[in-house]
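Subject: Structure handover

Hello,

Here is the structure for you to take over. Please open it first, then read the notes below.

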Amino acid sequence: MLKLQKPSQPFRLEEGGEIDRLAPLAFRFDNRRCIGYRGDTLASALLANGVRLVGRSFKYHRPRGIYTDGSDEPNALVELRTGDRREPNTRATTIELFAGLEARSQNRWPNLQTDIMQVTSLFAPIIPAGFYYKTFMGMPGWRFYEHFIRRAAGLGRPTADPDPDRYDRMHAFCDVLVVGAGPAGLAAALAAGRAGARVMLLEESDAPGGRLRADRERLDGAPAREWVTRTVDELDAMPDVTVLTRTTGFGHYDGTVISALERVADHKPVPDPFEVRQRVWHIRARRVVLATGASERPLVFAGNDRPGVMLAGAARSYVNRFAVRPGSRAAVFANNDDGYRTAIDLARAGIEVRTVIDCRAGGQGAGREQAAALGIECLDATAVTATHGHLGLTGIETAQLSADGRGIIGQPRLHSVDLLAVAGGWSPNIQLHGHIGAAPVYDAELAGFVAGSGPGASRSAGAVNGAWSLGECLRQGSDAGGEAARLLGFNPGAPELPVTEEAPVGPIRPMWRLPGRGKKFVDLQDDVTVDDIELAHREGYQSVEHLKRYTTLGMGTDQGRTSSVNGLAIMAEERGIAVAEAGITRSRPPVVPVALGAIAAGDVGMHFAPTRRTPMHDWHEANGAVFDHAGHWLRPQYYLRPGEDAGDMNRAIAREVIGTRSAVGMVDVSTLGKIDIQGRDAAEFLNRVYINGWSTLPVGRARYGLMQREDGIVFDDGTTSRVGEHRYFMTTTTANAGMVMAHLEEYLGVHWRDLDVTLASVTEQWGTLALAGPRSRDVLARVVDGLDVSDEGLPYMGVRDASIAGVAVRLFRISFSGELAYEVAAPADHAARVWEVLVDAGAGHGLIPYGTEAMGIMRIEKGHVAGGELDGRTTAVDLGLGRMVSRRKFHIGHAMAGRDGLTAASRPGFVGLVPVDSVSRPRAGSILVADPQARPPVDKLGHVSSSAWLSPSLPHPIALGFVKGGRERIGSTVWAMFPMRNEAIEVRVVDPVFLDPDGERLHG
Amino acid sequence: MAELARCSALAGVLEPGLHGRPDFRGPGIVLAERHPMSLVEIAAASDEVSGAMCEEVAGILGIRPPAEPGTATGTGRPRILWTGPWRWLVVEPESRDLAGMLEPAAGASRDLSHARTVLRLGGRDVRRLFMKGAPLDWHPSVFVPGCCAQTAMFHQSVLVDCRQPEVFDLFVARGYARDLLERVIDAGAEYGVQVS
């Protein structure tokens, strides 16, 4: 029997770090079984297990390893989890290890060690920046090549299954928001919190501390972690301080709004029951302190992308925080004093540190002496010129730098190392400043861009602001937090800062690229090299924004946090200008990748938009209704009977039209907008908002009204009834209900303050139904109490109060279908009951419920205008309703309706259209032309606005539309063209009223 | 029509019991519908009429409409909420002809009893729930009892009335009631929602 050997962690240190050695966690990487500890990231656990090769690069498929220890990681992107939770391009450096974690390397085939696509590297010289553009632009067959090219270049594969997890959104308010909980952020939060302000503190990783977790700093004579613990405890004890860990501020917007992503359950195998996985916070703060720290920069030298080359700060983090040795034999390459600090930390962890290679010829701080005292060789004015090793670093070459740093002197020397820690200086994380337009300012002393002053109530503190020493970070943080509190009226008191122990450091020597032969990667994620930047320069893409888009520099998931400054500085050198003059690309949200699921939160599926249901909804559902969306409303489109399915749609619609026209039909019209208008000036108000007159309308009567916009175009229509001396009941179309209400409110509240009128939307107060057809009166008569529903008792356009089954209702004798018809309005809580009473009463009369399809067909048969005609382009005259315009009064749009363009005789007029072959179905949206064979440009005569593909009342399809000449064309034919579907249908122009032109049916 | 039972928009939808995560401390959210309610909007078109209307309403109901925007007066029978300049909503559980009582007052009155669904929400996590739905400052020192606000909650227009530090009434248009209920139960699942 095969004995299973327990996987060991050969690179784990015996002691130290923030990991919990009593909590081992099993995980798999590319099916290799590994063990890590709670407190590890996937990256630190992989290093502990001796895994150095974790991925293949985007373009050249070069072997890549772990490069950083945070969200700026360009290399170690993996596919995390399996099945419907599979997530590509997650950074191994930010994934907290959990039991059973499964991750796979990306962009390799068949496996990570033997990646066939690595041949791409051989062609590297002929696929420079812009290669695909240049080669395939305008070349036939792109759609064919695209598939292969997209496959070859690439990142991971997302799952195609629905996401099983929940996402969430949270709005928060606070006095002072601090982004970043490193030393500066903690000091800021503490100062503001002690002053009594409501504080929120955001920390990207699992716990506050920032670099204090990764470096061996001391505060108040003790390890800095003790100060962090004390500070966090104090903040936690403050009732109005909220510390959010695993939360990254990703966007900064006007009005001091910060958006942040909280990874609530990403550190668990699956979220707990009912727990959300991620949450997006929108935080409205009165003051913001940005303490987002800095990202370390690589040095750009030949072969700088091999697994085993790592940023120095990350190497310190792995030994100090994770108790992992990222290599066995190390060298450090630096242009600043971080090199010595790194060498010392690595040596303390038992790594054999062979040499520190410093670009500088002198001027180093105290660190150099300490490193030398440990027996570490310290080389000055030296650079790494090449690296060796295929799947992992085995050695480096170093050489003496010439005085200007552009060339080398003498023969390179070989060093056998498997870890090269690189310290190229730090780039402040100023992305959040950039979002609100704060201009970055180049600081030559730091060789980096810090945030300049920007608009709004935000300021920065700590490393992001160019503070390089711990003491300065703490002081700036405390000052910023205290100032924010003071500006809001709190009293922060005197700051209490811990005592630091820091050695003096020497200045940095910016070295943007180093001599040596071979690929020098600037942006490791996008495989952008020094050659690509030089090419961009030669081809004229010299602005940093052009450089970015031409080479894709800084466009990956890391948003160029390790690469942008190096890239633009190299461009500045090419152009012979100062780095400050070249500038830096404008950053935009999000700073880190944010899943669309987190942004959508709960607004998915049926909750993508709110759903609005009528009081009769449950009845419709129980009686076979197929629903359609009308704005937020769900409306029955048609009703299927038992045994029918969607294929029976036409039959159902025909049944509803025929049933209504021959007997009686009932439709739910609760969705129409309803506005209660009261006041002594109500009639005058209506005169002004409708084109027709209202002064003569008696109580108990309804009238059709047409509204214009200010520009003379028709806005909306509907009936308005006078229900009292100074009280009217207006209806609007379903689609425009909200807009009409807002329009009327604006006029009353802003322009016509003198009118004694008040309004209220009563749409939801009433459930309304329309009862239509020759038998509608018979049905109504059976149930109505207290009213004679005959022509005398309730004449056409009459409005009366009555009761049905004990419910006080309002009856309207109005018709959209052209039939003898009534609308019944009942208080919403009773509307379903009234509906059911009518269904029962109508059973013996052949009553049939109908939906929006039948309703639409019947109104087209009658030539009534609706949404297709009131499309924001038509005038009352266009619609054939010009006679409604009252000349004797002012109304909205009165003046503008008289413009030449709106009164021109050439404007298309409203007509009916019938296919000449009596069979073809002219589609709504078709363009009307005279000659179907004409070559473009073709004169447009008009368009089809509404179409009824089936008109059970007539033996052919019918349509409504607008055509030049309007009614003068009646009898002639034109062509309805729908080029997208290659349709050309000859149609005869007819009167828009297809049925019962004299309106006899209205009276039963 | 008092003898005729009103049918709530949530009839058959409101499922009593615990929805979401059980917690040994009990549910984080408690939810119930208040139904049937009487709601009458009173409004005026000018300062003078508004003043007279408030006088008359105070005389009829014994409670004066609040002068301060975004506040409410009354302990519930009735409660009067400010909803706009010269505009208030008078609310109470249905027990008398509130609309009829307010009819004679100056200004305009409108019965909106059927137009809104009223949810009563409470519990230790209710303010966190509101944070998910609406971009208002729900801090207990800011949105205190007596405050009311019209806002967008889960993309729907609602009127929120703070009755006690952890008890709120939510007024939503009847047609949206079911949707809002679903959103509230969904968003509250991580705290546990006890529906009664």
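**Domains of chain B**

In chain B, 10 residues of domain 1 are in contact with nine residues of domain 2. Contact means that the C-beta atoms, placed from the backbone, lie within 7 Å. This is a predicted model: local features need pLDDT of at least 70, side-chain atom pairs count only at pLDDT 80 or more, and totals for chains, interfaces and linings use all residues. Residues are numbered from 1 along each chain as its sequence is written, while chains are lettered from A and ligands numbered from 1 in the order in which they are written.

On the domain 1 side, β9 (148-153) and β10 (156-164) of chain B each give two or more residues. Strands here are DSSP runs (E, at least two residues), and helices are runs of H or I, at least four residues, both numbered from the N terminus. β9(B) gives the most, with three residues.

Domain 1 of chain B covers 17-36 + 115-195, and domain 2 covers 38-111. The bounds come from an automatic or database domain assignment. The C-alpha centres of these two domains of chain B lie 24 Å apart.

**Chain B against chain A**

Here 38 residues of chain B are in contact with 41 residues of chain A. On the chain B side, β3 (37-43), β7 (108-111), α3 (126-133) and α4 (177-187) each supply at least two residues. The largest share, six residues, comes from α4(B).

Best wishes

How values were computed:
Contact = placed C-beta atoms within 7 Å.
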